Every structure is written in C-alpha cells, then in structure tokens.
Amino acid sequence: MGRKNRSINSIRRVCKIGNYAIASSIADRTCISCTTFNILAPIYKRLNHGDQSGRESENRANWLNRNQSILDWLLNERSSIICLQEFWVGNEELVSIYNKRLGDAGYVTYKLARTNNRGDGLLTALHKDYFRVINHRGLLFNDFGDRVAQLLHIELIAPFSQYRSNNVRHEMLIVNTHLLFPHNSSLCLERLRQVYKILQYVESYQKEYKLNPLPIMLCGDWNGSKRGHVYKFLRSQGFVSTYDTAHQYTDADAHKWVSHRNHRGNICGVDFIWLLNPNRYRKLLKTSWSEAVFGMFKYQLRRASLTEQDAFAFLKGDSDGDYLTYTDFCEALRQLKLVGHCYGLSIEETRDLWVQADIDGNGVLDFEEFQQRIWNPTWSEGKCEIGNDSWDDVVNGTEETIGFSVKNAVLFPAEVEKGTWPEDYSLSDHARLTVVFSPVKMPCSRLIS
C-alpha cells in the first residue's frame with residue numbers, strides 16, 4: 001500500500017508540474033514526444049542520511065521503490081520515445097521490471113551495457129503505436145571511460161498517414177548516449193572525440209545504407225553545458241537544442257535552466273535533446289572537428305592571459321624566423337596537454353590538424369595562418385548536408401522527407417526551469433527533459449558539390 005500511495009503522489013506531482021500544454025501536446029496523436037532521463041544507477045547513488053550509508057544498490061527496498069516511482073512517472077507521461085542513461089543493466093531483477101512494465105504499456109526496449117562490466121548502461125524504449133524499428137546498432141567508444149551510444153533507425157507509422165506518399169520519406173535516426181564526466185579540463189578533448197565518433201558513425205551508417213538525409217535526434221546526458229566545446233561543436237554541425245528552441249533561448253542563456261546537481265554539489269544544464277532536420281546545411285564534419293580542437297587550443301592560450309602576438313611567440317618557442325615548424329606545433333600541443341597522454345590527440349590527429357593549419361602547404365605555419373586557423377578562425381564555409389560532398393548519388397528521386405518542428409519542451413521538476421534545484425526531489429540527480437515534436441514535410445535537397 002505504501003508504494004501505491006507514493007506512486008499516486010508521484011503522478012500527482014507530474015500532473016502539477018507537467019502543465020496542460022505539455023500533457024495535451026503528448027496526447028496529440030499527430031505529434032511525437034521524446035523523454036531523456038539519467039535515472040542515477042543504484043551502484044552510484046550514495047546513501048548518506050539518517051542511519052543509512054553506502055550505495056543504494058546495497059538496499060533493495062530503496063532502489064526498488066525509487067525505480068518503481070520512475071516508471072510511474074514515465075508511464076504516466078507516455079512519451080513515444082524514452083531514452084534512459086545510467087540504467088542498471090547488471091541487475092536482472094531491475095531489468096525484468098523495466099521490461100515488463102514498459103512492454104505491458106506497448107513499448108519495445110533496447111539496452112546497451114557500458115564496456116568492461118561497469119554495471120550500468122543505456123535503455124531506449126519506443127512505443128509500438130508510433131514507430132517500427134528498422135535497425136538498431138550499439139556504438140562502443142572503447143575509451144578509458146567505457147562509454148557507449150545507441151543508434152536506432154526507425155520509421156513513423158500510423159497515425160502519420162497524411163505524410164505517406166511515394167515521394168515522402170518518414171524515417172528518422174535516434175541516438176541515446178551518456179558522455180564522460182569532465183573530472184578535469186584535460187578530459188574536454190576526449191568528450192569532444194566521443195561526440196565526433198557518434199557523428200562519424202551516424203554518417204557512415206547513412207552511407208552504408210545509401211540513405212537520403214533523415215532527421216536526427218541526439219538524446220542523453222552530455223555532461224557539459226552550453227558554454228562548453230561539445231555544445232559549440234554540435235551547433236556547428238547544424239543541431240539545435242530543442243529545449244532552448246521551445247523557450248526561444250539563445251546560446252548565451254546558459255544560466256536560465258539547469259538539469260543536474262552533480263556529486264560536487266554544483267548545478268548545471270547538461271541534458272539535451274538535439275535535433276538536426278534534413279534540410280539543414282552544415283560544415284563538413286572533419287572541418288568542424290578541426291575547428292573545435294583549435295578552439296580548445298586557443299582557450300588554453302587565453303587562459304594563460306596571452307595576447308595574440310605573445311601566443312604566437314610561445315608556440316614557435318626558440319625557432320628562428322617568424323613561423324612555426326611541425327616540431328614546434330607538436331611541442332606546443334604537449335605543453336597545452338593536448339597530446340602526451342592516453343586521451344590526448346593521436347599522431348594521426350595531430351598530423352591532420354597541422355595540414356589544416358598550414359593553409360598554403362609550405363610546411364611551416366606563419367602568423368597569418370595562425371590568425372586564420374587558431375586565433376581568429378576564418379574557415380571556408382564548405383557546407384554540405386551530410387558532411388560528404390561525394391554523396392550526390394545517394395538521393396534516389398525522393399523529393400520530400402519528414403522533418404520536425406519543436407512544439408513544446410518541459411523539464412521536471414519545475415524548479416530547474418528557473419535555474420534552481422529543489423531539495424525535496426529524490427528520483428535522481430538529473431531532471432527529466434521531455435520535448436514534443438510536430439512532423440512537417442521538408443524538401444530533400446541534393447548535397448552541395
């Protein structure tokens with residue numbers, strides 16, 4: 001009876017903070033909705049109140065009650081897509097509970113454990129009334145953080161019959177992931193590389209199956225805010241933060257909402273549902289990666305309070321002449337801690353950056369090239385719809401495809417939308433983000449050659 005009462009209270013709280021607008025949007029059968037939620041695996045949740053200590057995983061009643069409440073919330077909301085992070089895949093009882101309750105509610109579920117038996121992983125659930133799963137792939141980063149990502153290729157089914165014709169595609173790609181936590185600034189590069197791997201994988205998947213441009217949703221715990229390099233990298237690739245779009249926030253409005261109180265007690269906004277529509281043009285993926293790494297390069301130089309001239313002098317070290325050699329460049333990367341450790345730039349990545357920086361290809365980097373590539377980058381737009389201008393043969397006569405407009409977006413609990421964290425919230429150390437999308441027809445243009 002106790003758990004039932006708590007469930008009822010949880011649902012009442014959902015109804016209170018999940019206002020009529022979001023509830024009615026989710027109920028609209030012509031829309032789809034997506035929820036992303038880091039549910040805090042019991043093996044990580046610390047118990048440090050009253051007579052309880054240790055990890056929640058050691059107390060079955062605690063983790064069972066909390067996860068039943070999480071499921072109550074999710075099933076009351078009934079998003080058509082659910083993406084969970086820190087799902088305790090290592091506990092068979094918990095996995096069985098989620099499988100049964102989600103399955104009974106009409107969801108098909110896909111789970112992926114982190115590598116090296118970390119115990120937690122990802123769960124993505126899709127409602128069978130809205131989608132047919134065409135393919136599911138697991139991406140193992142095989143990095144020192146043992147992070148993973150899920151890629152699902154899905155097709156919209158009824159009630160979206162108004163979009164069905166021979167000339168309209170009705171498929172999309174969904175990614176669920178949980179990036180590495182930035183324990184220190186030296187991990188920023190590895191986090192950026194994880195996103196690069198995801199986008200490379202999505203790109204290669206579309207090429208492998210000769211797919212036309214499709215809408216892409218990236219969901220999860222990105223462990224970084226709107227001020228970080230990962231955010232800027234995704235923006236350079238044409239992705240938009242759907243919560244910010246719904247609330248008409250700009251890239252500068254990082255302080256207006258939060259979604260996580262981390263183990264250090266800091267609150268920040270790190271949970272995103274990113275959207276890339278098929279008619280968006282973006283920079284070549286490799287160009288965006290190089291630009292992002294050079295952005296980190298510049299950030300480290302500016303942290304040392306170096307002016308433009310001083311920064312260039314620092315980079316060239318004791319070399320004669322007004323230019324940097326490749327050796328100077330590698331030494332500067334080492335001093336800035338971008339190489340020389342297990343998660344630093346590889347030799348191949350370093351060489352590729354050098355090629356990008358040496359614009360005229362004469363084997364040295366002069367001050368003008370330093371300005372154009374690092375200090376005040378003026379990269380050629382070189383935009384391409386999927387990031388590879390050799391894809392002209394991919395479009396097979398499709399004139400239109402489905403994209404999505406953002407109809408509504410809400411964070412729960414409500415306090416986080418005002419930039420504060422409620423002390424009485426105990427379901428997780430993350431808020432839950434739900435976004436409602438309205439399908440729209442979009443032209444499917446050929447790629448720029």
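Tutor: A salt bridge here is a side-chain nitrogen of Lys or Arg within 4 Å of a carboxyl oxygen of Asp or Glu. The model is predicted: local features need pLDDT of at least 70, side-chain atom pairs count only at pLDDT 80 or more, and totals for chains, interfaces and linings use all residues. Residues are numbered from 1 along each chain as its sequence is written, and side-chain values use heavy atoms, with hydrogens and water left out.

Student: How many salt bridges does the count come to by this rule?
Tutor: The count comes to 18 salt bridges.

Student: Which side chain does Arg66 meet in a salt bridge?
Tutor: Arg66 meets Glu56, with 2.7 Å from N to O. Arg66 belongs to helix α3 (residues 60–77), while Glu56 sits in the loop between β1 (32–38) and α3, 10 residues apart. Helices (H or I, at least four residues) and strands (E, at least two) are DSSP runs, numbered from the N terminus.

Student: Are Arg66 and Glu56 buried or exposed?
Tutor: Both Arg66 and Glu56 are buried. Buried means under 20% relative accessible area, exposed over 50%, and partly exposed in between (1.4 Å probe, protein chains only).

Student: And what about Glu155; which residue is its salt-bridge partner?
Tutor: The partner of Glu155 is Arg132, at 2.8 Å from N to O. Glu155 lies in strand β6 (residues 148–156) and Arg132 in strand β5 (residues 131–140), so this pair ties together parts that are 23 residues apart in sequence. Glu155 counts as buried because its relative accessibility is 13%, whereas Arg132, at 43%, counts as partly exposed.

Student: What does Asp253 form a salt bridge with?
Tutor: Asp253 pairs with Lys256, and their closest N and O atoms are 3.6 Å apart. Asp253 is buried at 11% relative accessibility; Lys256 is partly exposed at 33%. Elsewhere, salt bridges that share partners join Glu190, Arg193 and Glu349 into one network.

Student: Changing topic, why is β1 described as largely enclosed?
Tutor: Seven of the seven residues of β1 are buried, so the rest of the structure largely encloses this strand. Ile32, Cys34, Thr36 and Asn38 are buried on one side, and Ser33, Thr35 and Phe37 are buried on the other. In a regular strand the side chains alternate between the two faces of the sheet.

Student: In which sense do β1 and β2 pair?
Tutor: β1 and strand β2 (residues 81–87) pair in the parallel sense over five bridges; two strands pair if DSSP finds at least two bridges between them. Within β2, Ile82 is the bridge partner of Thr35.

Student: What order do the strands of the six-strand open sheet follow?
Tutor: The order is β5-β6-β8-β9-β13-β10, with mixed pairing. β5 and β10 (240–241) are at the edges with a single partner strand each, so one side of each has no neighbour in the sheet. β6 pairs with strand β8 (residues 171–178) in the antiparallel sense over seven bridges, and Ala149 stands opposite Thr177 in β8.

Student: How much of the protein is buried overall?
Tutor: Of its 449 residues, 55% count as buried. The protein has 12 helices and 19 strands.
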